[in-house]
Amino acid sequence: MSAGTAAARSAEDKTRSGELVRIARQLILEELSETLAGFRTLLGKQQWTPGTGNVLNSFRTLVTLLRQPCPCTEGELRGALQPFAFYQTGDAAAAPGHELVDEARHLMDEASAYTYFSLTLLDIFAENGLERRTRQAAQRGPDGNPERLAHARQELAVSPYSSRPLIEATRKAWSLPMSPSNVIRWPWERACPIHPS
């Protein structure tokens, strides 16, 4: 194989890889958007007070950002996703909506766990270098196997509380942040087709 052919193949592989990253990102965000919109509808049927209404405002902001994600708002979207994904009712004093009624709190826990799962998918599949990172995660034991994500997804149907430890173990194996981070890891396009400069 000539050097020119190797360079062309390498460029083609990078282009294909970049396209797969964009497709993964789009599919994950679309499903998350639809799921959280459904949770918002269910939450709208709950009892709210002026003290707990801020939860709905934060949730509305997140759903709005997910409806039409673009490179212009990637930092804002990640900034809204992370606190909600890492939110847990066990941290009652710091958790948004700690005064919620039980049913609303459970819905928030379910939505948060699903967001945590989706954020993990984004951190794994919507970033370049998947093959290399998969090998590194596999060296950290069974939690590094991407199949564990399927187990976590199945567990979400059982309980948000039992799914979180599975997601956390996967994040540790993949060396992903275990709390909100200011680092934008997703390699999204910088040129915005929605808001051209």
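In this predicted model, E19 is partly exposed, with a relative accessible area of 37%. R22 is likewise classed as partly exposed, at 31% relative accessibility. The side chains of these two residues form a salt bridge with an N to O distance of 3.1 Å. Both residues belong to helix α1, which spans residues 3–43, and they are three residues apart, about one turn of the helix. An α-helix has 3.6 residues a turn, so residues three or four places apart point the same way. Side chains of opposite charge can pair when their charged atoms come close.

**Overall architecture**

The secondary structure consists of seven helices and zero strands. Along the sequence the order of elements is α-α-α-α-α-α-α. The protein has 197 residues, of which 38% are buried. Among contacts with a sequence separation of 6 or more, 75% involve residues 24 or more positions apart. The protein exposes about 10800 Å², and carbon and sulfur atoms supply 53% of that area.

**Salt bridges**

A search of the whole structure returns four salt bridges.

| Pair | N to O distance |
|---|---|
| E19 and R22 | 3.1 Å |
| D123 and R78 | 3.1 Å |
| D143 and R148 | 3.4 Å |

The side chains of D123 and R78 meet in a salt bridge. D123 lies in helix α4 and R78 in helix α3 (residues 74–86), so this pair ties together parts that are 45 residues apart in sequence. Are these two residues buried or exposed? D123 has a relative accessibility of 0% and therefore counts as buried. R78 has a relative accessibility of 2% and is also buried, because the cut-off for that class is under 20%. Which residues form a network of salt bridges? The network links R78, D123 and R171.

The pair D143 and R148 also forms a salt bridge. D143 is partly exposed, with a relative accessible area of 28%. R148 is partly exposed as well, with a relative accessible area of 27%.

Q136 is located in helix α5, which comprises residues 130–138. With a relative accessible area of 34%, Q136 is partly exposed. How far apart are Q136 and S175 in sequence and in space? They are separated by 39 residues in sequence, and their C-alpha to C-alpha distance is 9.2 Å.

**Summary**

The model contains seven helices and zero strands.

Key. Residues numbered from 1 in each chain as written. Predicted model: local features only at pLDDT ≥ 70, side-chain atom pairs only at ≥ 80, totals over all residues. Heavy atoms only, no water. Helix = DSSP H or I, 4+ residues; strand = E, 2+ residues; numbered from the N terminus. Buried < 20%, exposed > 50% of the residue type's maximum accessible area, 1.4 Å probe, protein only. Contact = heavy atoms within 4.5 Å. Areas by Shrake-Rupley, 256 points an atom, 1.4 Å probe, with all protein chains shown as cover.
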